[in-house]
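Subject: A structure for you to look at

Hello! Here is the structure I promised to pass on, together with my notes on what turned up in it. Please have it open while you read.

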2 protein chains.
Amino acid sequence: MNHRGRGARALEQRVVDVIHARGLRPGMALPTEPQLVELLGASRNSVREAVRALQALGIVEIRHGYGTFVGDASLSGLSTSLAFRVRAGVGAIQDLVEVRELLETGLIGTVATDGLSTARLAELDELVAMMAVDSEADRAFHALLYADCGNELVLRLIELFWDTYHEVEHVLGEPAERTEATVGNHRRILDAVRAKDPAAARAAMQKHFAEVRTRIAQATET
Amino acid sequence: MNHRGRGARALEQRVVDVIHARGLRPGMALPTEPQLVELLGASRNSVREAVRALQALGIVEIRHGYGTFVGDASLSGLSTSLAFRVRAGVGAIQDLVEVRELLETGLIGTVATDGLSTARLAELDELVAMMAVDSEADRAFHALLYADCGNELVLRLIELFWDTYHEVEHVLGEPAERTEATVGNHRRILDAVRAKDPAAARAAMQKHFAEVRTRIAQATET
DNA sequence: ACCGATTTGTGCGTATGTATG
DNA sequence: GCATACATACGCACAAATCGG
């Protein structure tokens with residue numbers, strides 16, 4: 001047994017340790033490859049592979065011919081991993097929607113309790129109106145609904161799941177028509193938020209996702 | 001000279017394409033490095049860097065001296081990315097815990113409604129008993145609680161957020177003692193599930209996370 | 001328990017493309 | 001345009017790990 005742990009992953013961690021030890025912030029430059037080779041006592045290949053792995057996780061950002069910089073660890077790694085997962089798995093689409101439902105039904109309760117500004121409500125009204133003809137309005141609606149919840153992570157996650165869902169929806173399913181039912185569901189959600197009625201908001205959200213699920217079930221059966 | 005597309009990311013995608021094209025399922029072997037070199041027309045180092053990036057995302061699993069295999073995209077490798085994000089100040093620990101709370105309070109309702117087998121309940125009883133002395137029992141409890149929910153994705157996500165939380169907890173805070181209050185909260189959750197009382201289960205879960213949040217608030221103030 | 005084949009891990013050298021000054 | 005520094009890519013050789021005979 002190596003007291004250093006598995007060689008491959010150990011190097012990645014040591015690069016991260018260098019970042020933390022030097023107090024490097026996102027956007028700042030890492031030591032150059034020769035410097036990392038000298039610091040970590042490993043060959044160029046090993047260092048490069050470790051840095052490449054960290055790039056896949058969004059921890060560092062490599063710019064050709066310029067240098068390696070600290071990244072912001074965006075959720076792009078989760079995105080590609082999820083995309084692979086839904087293509088490999090069978091029931092993965094339902095799982096994806098169920099996660100969205102868990103997050104959004106929970107969040108809509110707090111949003112409805114706290115309430116939204118009249119300006120924000122007006123923006124959402126407009127998005128609902130456009131939803132019948134513009135599929136992008138749907139995404140914008142869900143994003144804007146939780147924009148003020150103060151949780152950046154859950155915002156990114158909802159956007160990420162939404163994007164992944166629509167990628168695979170287009171690949172493996174029919175183009176979902178923006179039916180009157182969909183628009184009506186979103187309007188009910190918005191009305192409940194405007195009335196500051198958390199229970200009604202949750203119920204409307206559940207009804208919305210229930211219809212999404214049935215639409216998926218129909219598409220996957222064919 | 002080289003093929004089109006950005007060298008690094010393009011190779012990763014092409015390796016993934018090979019997996020999809022051959023219908024490789026998780027656990028099955030990828031072509032060997034020399035074969036990938038032949039298939040993709042790239043050097044061995046480039047292929048290795050691409051595969052290492054995929055390993056960081058859990059898409060493939062590399063076993064020294066044996067081969068490279070399709071991974072299950074367990075998302076466990078992404079905990080370092082999320083942990084880095086939190087430590088870099090991009091996201092907050094509270095956000096992380098809030099996402100866990102949203103997922104688990106939503107899930108525990110369905111679990112309590114459907115009920116669990118007596119065998120599963122006995123296992124959970126045992127984990128609660130061990131929780132006072134074994135911190136790993138806490139993770140196992142939350143994992144086992146939703147093991148039968150039929151949603152593999154949400155399971156992995158809960159594991160991911162739990163691992164990330166405990167990584168940053170160890171780095172930036174004191175080792176959290178398994179207090180009697182923690183054990184009691186988990187017992188209350190379990191009792192509510194046994195009684196098939198969704199409302200009580202959700203309430204117990206919220207109480208659990210409320211105490212986690214206060215513990216975080218105390219740690220971040222110091 | 002050893003051997004040998006296979007596969008991944010590591011190290012080194014060199015050439016090329018790219019951004020900065 | 002030129003020079004410098006850097007990342008990128010390629011090729012080769014050897015070490016380490018695993019499996020099956």
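Let us begin with a term: a residue is called buried under 20% relative accessible area, exposed over 50%, and partly exposed in between, using a 1.4 Å probe and protein chains only. By that rule, Cys149(B) is partly exposed, because its relative accessibility is 23%. Cys149(A) is partly exposed as well, at 23% relative accessibility.

Before going on, please keep in mind that this is a predicted model, in which local features need pLDDT of at least 70 and side-chain atom pairs count only at pLDDT 80 or more, while totals for chains, interfaces and linings use all residues. Residues are numbered from 1 along each chain as its sequence is written, chains are lettered from A and ligands numbered from 1 in the order in which they are written, and side-chain values use heavy atoms, with hydrogens and water left out.

How many disulfides are there over all chains? The search of the whole structure found zero, where a disulfide means a pair of cysteine sulfur atoms within 2.5 Å.

Salt bridges are another story. The term covers a side-chain nitrogen of Lys or Arg within 4 Å of a carboxyl oxygen of Asp or Glu. Over all chains, the structure holds 29 salt bridges.

One of them pairs Glu33(A) with Arg48(A), at 2.8 Å from N to O. Glu33(A) belongs to helix 2 (residues 33–40) of chain A and Arg48(A) to helix 3 (residues 44–56) of chain A, so this pair ties together parts that are 15 residues apart in sequence. Helices here are DSSP runs (H or I, at least four residues), numbered from the N terminus. Glu33(A) is partly exposed at 30% relative accessibility, and Arg48(A) is partly exposed at 31%.

Next, look at Glu49(A) and Arg52(B), which form a salt bridge with their closest N and O atoms 3.5 Å apart. Glu49(A) sits in helix 3 of chain A and Arg52(B) in helix 3 (residues 44–56) of chain B, so the pair joins two chains. Both Glu49(A) and Arg52(B) are buried.

Finally, Arg120(B) and Glu123(B) meet in a salt bridge of 3.1 Å, N to O. They are three residues apart in helix 6 (residues 118–130) of chain B, so about one helical turn separates them. Arg120(B) is buried at 16% relative accessibility, whereas Glu123(B) is partly exposed at 38%. Elsewhere, salt bridges with shared partners join Glu12(A), Glu49(A), Glu33(B), Arg44(B), Arg48(B) and Arg52(B) into one network.

Happy exploring!
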